[in-house]
Amino acid sequence: MSEAPMANDLSTPLTGRRRQKQERAAKFHFPLARLLFIAIFLIIGGVALRLVLVEEPDGGRPSAEVAITSTRDGNSIAQSAATGPATITADPGQFPADGSMVALPAPGSATPAPGQVPDNFGVLPDLSEETAHGAIPRMSGTGLTPFLAYRRNAGTVATSNQPMIAIVVTGLGINEQGSLDAIDQLPDEVTLAFAPYGRSLPNTVAAARTAGHEVMLEIPLEPFDYPQNDPGPHTMLTGETPRNNLEKLFWLMARFGGYFGVINNMGARFTASATDMAPIMEELGARGLGYLDDGSSNRSVAAQLAGANNVPFGRAGQVVDANPARASILSALASLEAQAMDTGSALGIISALPISVQAVSEWSRELDAKGIALVPASALMQ
């Protein structure tokens with residue numbers, strides 16, 4: 001006797017009605033995970049399609065286009081100078097002009113061209129060229145030179161027969177407060193030379209020129225015992241290509257403006273090499289700057305090269321504070337007086353040490369009574 005099949009037996013064939021019912025349920029069954037995947041795919045696809053078809057990288061944010069202009073092409077003189085082998089002009093680097101100093105007229109004997117107004121640091125625009133390192137001095141299109149425009153006018157003393165002494169104070173600018181103190185103490189006729197490494201050089205130099213001093217730039221040159229004796233960064237070296245040394249010179253010249261010439265810092269080896277020194281002197285001549293030799297090396301060829309390149313030149317005869325003691329400083333100053341009385345002029349150099357500044361300040365008050373004139377260094381540069 002066979003058993004009747006169970007109603008829930010899986011082996012029982014489905015009836016047509018039950019099969020149709022299950023097929024309809026399967027047709028309308030979509031898992032939730034699949035729905036989410038499809039939605040995400042559609043969103044990503046839409047964003048990608050928009051980026052491809054719509055050129056709007058800012059994503060619809062408000063924007064504006066402003067034309068960028070350059071002063072380089074508008075400066076025909078700088079462009080012309082840049083074509084020479086000794087001058088390198090790159091992208092403009094604006095010389096800082098946001099200081100607090102009041103603009104001052106150029107202290108030189110030459111009259112600036114009409115419309116030439118000094119900036120906040122006393123620099124004439126027509127005597128400035130923009131380079132990759134910043135603004136550096138140049139000769140104007142009318143022939144006005146930085147030497148003539150920025151030197152202090154010695155007046156009638158320079159053409160008289162009165163003995164003259166010039167004093168140059170070196171090493172200024174690194175200690176800002178010490179430099180400002182020296183500016184306040186020293187007579188206006190004293191020339192001030194600034195090292196190219198101070199943090200507030202444009203302001204300090206502008207303060208010096210506002211007080212009536214003429215200023216110079218110190219340039220570091222290679223001594224015989226370099227690098228044991230190192231004048232500082234961007235020292236010009238013998239054996240380097242002229243282009244490399246000129247790049248260093250341009251960097252140094254861009255540290256501040258308003259100087260009428262340069263003075264060497266060390267450099268016994270460099271100034272003895274005509275091959276290395278000649279391109280530097282040529283550049284100074286092309287830009288209308290003077291050169292003052294500190295007198296530390298008898299092997300220097302700077303005088304000959306300066307004459308060949310029409311560079312106003314002078315040479316110091318003595319380092320006044322080689323022994324930084326008051327008695328020694330006064331003795332050296334007395335030697336300058338004797339030289340001036342004998343030859344008509346003398347030029348000495350001192351450092352920015354407080355004892356040196358004080359000694360020179362007090363000594364200068366007695367010069368008139370001795371019949372000797374204190375004059376700026378530029379007055380003794382030929």
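Helices (H or I, at least four residues) and strands (E, at least two) are DSSP runs, numbered here from the N terminus. By this definition the secondary structure of the protein comes to twelve helices and eleven strands. The model is a predicted one, in which local features need pLDDT of at least 70 and side-chain atom pairs count only at pLDDT 80 or more, while totals for chains, interfaces and linings use all residues. Residues are numbered from 1 along each chain as its sequence is written, and side-chain values use heavy atoms, with hydrogens and water left out.

Of the 382 residues in the protein, 42% are buried, where buried means under 20% relative accessible area, exposed means over 50%, and partly exposed lies in between (1.4 Å probe, protein chains only). A contact means heavy atoms within 4.5 Å. Among contacts with a separation of 6 or more, 69% join residues 24 or more positions apart.

The interior may be described through its nonpolar cores. A nonpolar core is a set of buried Ala, Val, Leu, Ile, Met, Phe, Trp, Tyr and Cys residues joined through side-chain atoms within 4.5 Å. The largest has 58 residues, and those with the most contacts inside it are I167, L192, F194, I219, M281 and Y291. Beyond its neighbours within four places in sequence, M281 is in contact with Y291, A302, L305, A306, N309 and V311. A second, separate core of 25 residues includes V168, A206, A373 and M381.

Empty space is the next subject. Rolling a probe the size of a water molecule over the atoms shows where such space is left. On a 1 Å grid over the protein atoms alone, a cavity is a set of points where a 1.4 Å probe fits but cannot get out, and a pocket is an open set with protein on both sides within 12 Å along at least five of seven lines; lining residues have an atom within 4 Å of a point. Grid points are joined across faces, edges and corners, and a volume is the space filled by probe spheres set on the points.

A search of the whole structure finds two cavities of 30 Å³ or more, and the largest cavity has a volume of about 70 Å³. Twelve residues line the largest cavity, with V123, S128, I136, P137 and G257 lying nearest its centre. Strand β2 (residues 134–137) gives the most to this lining, with three residues. For the classes, Ala, Val, Leu, Ile, Met, Phe, Trp, Tyr, Cys and Pro count as nonpolar, Asp, Glu, Lys and Arg as charged, and the others, Gly among them, as polar. The lining of the largest cavity divides into nine nonpolar, three polar and no charged residues.

The largest pocket has a volume of about 240 Å³. Its lining consists of 15 residues, of which T170, N264, D294, V319 and I349 lie nearest the centre. The elements that give two or more residues to this lining are β6 (261–266) and β10 (345–351), and the largest share, four residues, comes from β6. By class, the lining of the largest pocket has six nonpolar, six polar and three charged residues.

N264 is found in strand β6 and is buried, at 6% relative accessibility. A polar atom of its side chain lies 2.7 Å from the backbone oxygen of M266, and a polar atom of the N264 side chain lies 2.9 Å from the backbone nitrogen of D294. Not counting residues up to four places away in sequence, N264 touches I219, L221, Y291, L292, D293, D294 and S296.

Some backbone features deserve attention. Most residues other than glycine have a negative phi, and most peptide bonds are trans. M266, although not a glycine, has a positive phi of about 65°; M266 belongs to strand β6 and is partly exposed at 25% relative accessibility. N310, also not a glycine, has a positive phi of about 55°. N310 lies in the loop between α10 (302–308) and β8 (313–315) and is exposed, at 71% relative accessibility. The peptide bond from Y226 to P227 is cis, with omega near 5°, and P227 is placed in the loop between β5 (215–221) and α7 (242–253).

The buried residues of α12 are S356, V357, A359, V360, S361, W363 and S364. They pack against β3 (164–172), α5 (176–185), α11 (326–343), β10 and β11 (373–374). S356 has a relative accessible area of 0%.

Terms used. Polar contact = N/O pair within 3.5 Å; in protein donor to acceptor, adjacent residues only side chain to side chain.
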